[in-house]
Amino acid sequence: MKCLLTFLLLAAPIAVSAQSPPDRIWSLDQSTLTYHMSHPLHEVDGVSHAARGKGVCHLGVCEFLLAAPVKSFDSGDTNRDLHMLQVTRGAEFPLVTVRLRLPETALANPNLDCDLEVQFAGNTAHYSHVIFHQTITGDRHHITGTVPSTLTDFKIDPPSFFTVPIKNEIPVRVDMTWH
Amino acid sequence: MASSKHRLAIRSKLTLSAFGFASLFVFHPILCAQTEPATELHASTHPSSLPDAPTPQAPQQKPADSAPSLADLGLTNKADPDLQARLDRRSHMLKVHQQLGLYTTVPILAACISGAGAVPDRNSYGNTTSRDVHVGIAALAIGMYAGTALYAIRAPRISKEPVRGGIKIHKYLIWIHAPGMILTPILGTMAFNDIASGHKPTGIAQYHQEVALTTAIAYGASIIAVSWPIHIPGMHRNSAIPAEAQ
């Protein structure tokens, strides 16, 4: 009897973990990341469609990772893009990565309140309560929002044009579809 | 006797196996409560025995073991210091090119203005002061132009892809102002010699002014082209970023 009780007690954690929901994997179908740069003489948008992403849900918590090569951002001017790559040290740190963690239950909401960890140009910045809007069609989740990033967040010296530096604010617009 | 020994042996085996079996379960809750470095160790040695502890929901903690990695995305964050060094050198040289190019507009403009006064009136071909001033300023302009061009030529090439954007027109215009910068002083020297000889410039020398003006206009257009499109503050422009986010 003692053995049986011991067995049951010891086996309990296994039983609990066996009840946990199975993992769910999220994949990024398509994405458009657009940074916006302002200068008194220029308004520039740099676009990347090369981001890759994955999400893993486990025991009610989802971890997401999104990454895009810095050199994949295209502003329509090769000279500017190469300068951007230099200023952001894109050869030393070729990827911009975004990590976030969400409760699985939140994934059905039309608005996602996210805390982001962004690694870029060799530095990490945290953005709290960034709101993304979500439209769900079948198993596709179309998500849009803007990350309010700045140059100082990543210790990037603002490049200048005609000796006038660009604005510190570099908001990044996110438009992506997950399934 | 033999039977009792055999029974003892079987009981011992059962006890041992029970301990071994139990030890697995005894350690299971501990595994669940392990801190991240320890779980990383387990993840690397026994991927199938990852702890099932729920990830804390506090923001900005280290990614849990279940978190996706760059390898999952098929990406690597491999640095290329050599490329970064070339990018740094390129940017530095093009910055100097840009600044020197802007400064060069001053002597070019001055050469154009002084050139207007260098044209001799009838019967005053002997007065060379205005022409000397013009020659001096033009020489300075040409020298600075050569320096500006040198910084662009010596800047490392990073990509072999065709250029796009304002830089494309900037490069096309080189085909006008670079030959112009060579031709203008040649024609100027010819015109100067003609005037010094006491007669008006003849032959191609008479086109010195037109070539110089074309060169100056192409040079100015080149500066504007590399800056194009120029955003005029206050004018509406569609942007991919909503206004509230900017």
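Axes are lines fitted to C-alpha atoms, for helices over the stretch in contact, and the angle between two of them runs from 0 to 180 degrees between N-to-C directions. Two packed helices are described by the angle between their axes and by the distance between those axes. The model discussed here is a predicted one.

Chain B is the place to begin. Seven helices and zero strands are found in chain B, and from the N terminus on its elements read α-α-α-α-α-α-α. Of the 246 residues in chain B, 26% are buried. Among the contacts in chain B with a separation of 6 or more, 71% are made by residues 24 or more positions apart.

Helix H3 (residues 81-118) of chain B and helix H4 (residues 129-154) of chain B have axes that come within 7 Å and cross at roughly 160°. Angles over 145 degrees count as roughly antiparallel, and H3(B) and H4(B) are therefore roughly antiparallel to each other. The crossing in which H3(B) passes H4(B) is left-handed. Sorted by class, the residues in the contact of H3(B) with H4(B) are 19 nonpolar, 10 polar and three charged.

H4(B) also packs against helix H6 (residues 174-196) of chain B, at an angle of about 160° and with the axes 11 Å apart. H4(B) and H6(B) are therefore roughly antiparallel to each other, and their crossing is left-handed. On the H4(B) side, the residues that meet H6(B) are B:Arg131, B:Asp132, B:Val135, B:Ile142 and B:Tyr145. Their counterparts in H6(B) are B:His177, B:Ala178, B:Met181, B:Pro185, B:Phe192 and B:Ile195. By class, the contact of H4(B) with H6(B) comprises eight nonpolar, one polar and two charged residues.

The next residue leads from chain B to chain A. A:Thr78 lies in helix H2 (residues 78-87) of chain A. Because its relative accessibility is 14%, A:Thr78 counts as buried. Residues up to four places away in sequence aside, A:Thr78 touches B:Pro162, B:Val163, B:Arg164 and B:Ile167.

The cysteines come next. How many disulfides are there over all chains? The count comes to one. A:Cys57 and A:Cys62 form a disulfide, with their sulfur atoms 1.9 Å apart. The torsion about the S-S bond of A:Cys57 and A:Cys62 is about 105°, so the disulfide is right-handed. Both A:Cys57 and A:Cys62 are buried.

B:Cys112 counts as partly exposed because its relative accessibility is 28%.

A:Pro110 is located in the loop between strand E5 (95-103) and strand E6 (111-120) of chain A. With a relative accessible area of 54%, A:Pro110 is exposed. Neighbours within four places in sequence aside, A:Pro110 is in contact with A:Phe132, A:His133 and A:Gln134. From A:Pro110 to A:Ile136 the separation is 26 residues in sequence and 8.0 Å in space, C-alpha to C-alpha.

Key
Residues are numbered from 1 along each chain as its sequence is written. Chains are lettered from A and ligands numbered from 1 in the order in which they are written. This is a predicted model: local features need pLDDT of at least 70, side-chain atom pairs count only at pLDDT 80 or more; totals for chains, interfaces and linings use all residues. Side-chain values use heavy atoms; hydrogens and water are left out. Helices (H or I, at least four residues) and strands (E, at least two) are DSSP runs, numbered from the N terminus. Angles under 35 degrees count as roughly parallel, over 145 as roughly antiparallel, 65 to 115 as roughly perpendicular and the rest as oblique. A crossing is left-handed if the near helix is turned anticlockwise from the far one by less than a right angle, and right-handed if clockwise. Ala, Val, Leu, Ile, Met, Phe, Trp, Tyr, Cys and Pro count as nonpolar, Asp, Glu, Lys and Arg as charged, and the others, Gly among them, as polar. Buried means under 20% relative accessible area, exposed over 50%, partly exposed in between (1.4 Å probe, protein chains only). Contact means heavy atoms within 4.5 Å. A disulfide is a pair of cysteine sulfur atoms within 2.5 Å.
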